[in-house]
Amino acid sequence: MKNNKLAYLLALLAVVLWSTVGSAFKITLGYINYIQLLLFSSFTALLFLTGLIVYQKKTASLLLTKKKHIVSSAVMGLLNPFAYYLILFKAYSLLQAQEAVALNYTWPVILVLFSAFFFKQKLSWMNITAMLVSFTGTLVIATRGKILSLHFSDPVGVGLAVVSAFFWAMYWIMNMKDTRETTEKLLLNFFFGFIYIFIFSSLTGNLTLPSLQAGIGSVYIGLFEMGVTFVIWLNALKYAENTAAVSNLVYLSPFLSLMVVSVAVGEKIMTYTITGLLLIIGGIMLQQLIRKKTTEL
């Protein structure tokens, strides 16, 4: 049964929660390294998703998962949570939180490129213009407003933030092609992802117990970045009369994130960050407008 008011309330709750995680990344990385952060946060998400499957009485269905879907989850788990978050957390450890937050939103632009390649979708000049607008925003942030000098504030950090967006876009493409029930699929993805990060942590000497502060931060990230918030968002879309309208609320997240970063992390939000983020989001929204007009024709 549709309930638009409830849909918007749930969507706003999800957006608010997602807006806090960038700050949580940066603060927690002050107590723990990026490998350990992924180990403990992904374990938290895995426990939550397992509990959710048991609560929803989907255990029997999960045990009947086909071999091809298990293989698919093994690959998807390698992309997310393993590669995506490993690279993203490392980027957060190198950059200011505000820069990492903004650069992380380049993934929809990369998704357009991947869609053109994998689904043979043609790119018009308007598509290319929209992507250039977003990438200009990326350069504004990467050069801290000195775009003509092309002097990057932290080349490694910026590179990792953009590369993480590539991994998320690849994961998104695979996810769109996979028609399994969402919660079951996500649990298997995180099961394999946790195996990968556990092995990686063992090989790099990072299997140590976290401090209290690191543990609290990791649990928060595991729940509100990877677990609970995703379920809230899915329910928002389920109750929505117009999923596109509700989905657009997600674009509030990066701007709310900057507000939280300013208060929680204590960073002064720079003009170049806001300018760059506006260009990135503007390019993405232009892409959506182009897609909508193309669909209507």
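## Overall size and fold

Let's start with the overall dimensions: a compact globule of 297 residues would have a radius of gyration near 19 Å, and the chain agrees with that, since its own value is 19 Å. Bear in mind that this is a predicted model.

As for secondary structure, the chain has 14 helices and zero strands. Reading from the N terminus, the order of elements is therefore simple to write down: α-α-α-α-α-α-α-α-α-α-α-α-α-α.

## Packing and surface

Of the 297 residues, 48% count as buried. Looking at contacts between residues at least 6 apart in sequence, you will find that 85% of them join residues at least 24 apart.

Among the charged side chains, 21 are positive and 9 are negative. The centres of these two sets are 5 Å apart.

## A look at Asn-104

You can find Asn-104 in the loop that links helix H5 (97-103) to helix H6 (107-118). Asn-104 counts as buried because its relative accessibility is 15%, and the cut-off for buried is under 20%.

Which residues does Asn-104 contact, leaving aside its neighbours within four places in sequence? They are Tyr-84, Leu-88 and Ser-164. With Tyr-84, there is also a polar contact between the two side chains, at 3.2 Å.

Technical notes:
Residues numbered from 1 in each chain as written. Predicted model: local features only at pLDDT ≥ 70, side-chain atom pairs only at ≥ 80, totals over all residues. Heavy atoms only, no water. Helix = DSSP H or I, 4+ residues; strand = E, 2+ residues; numbered from the N terminus. Rg over C-alpha atoms; globule rule 2.2 N^0.38 Å. Buried < 20%, exposed > 50% of the residue type's maximum accessible area, 1.4 Å probe, protein only. Contact = heavy atoms within 4.5 Å. Lys, Arg positive; Asp, Glu negative; His and termini not counted. Charge placed at Lys NZ, Arg CZ, Asp CG, Glu CD. Polar contact = N/O pair within 3.5 Å; in protein donor to acceptor, adjacent residues only side chain to side chain.
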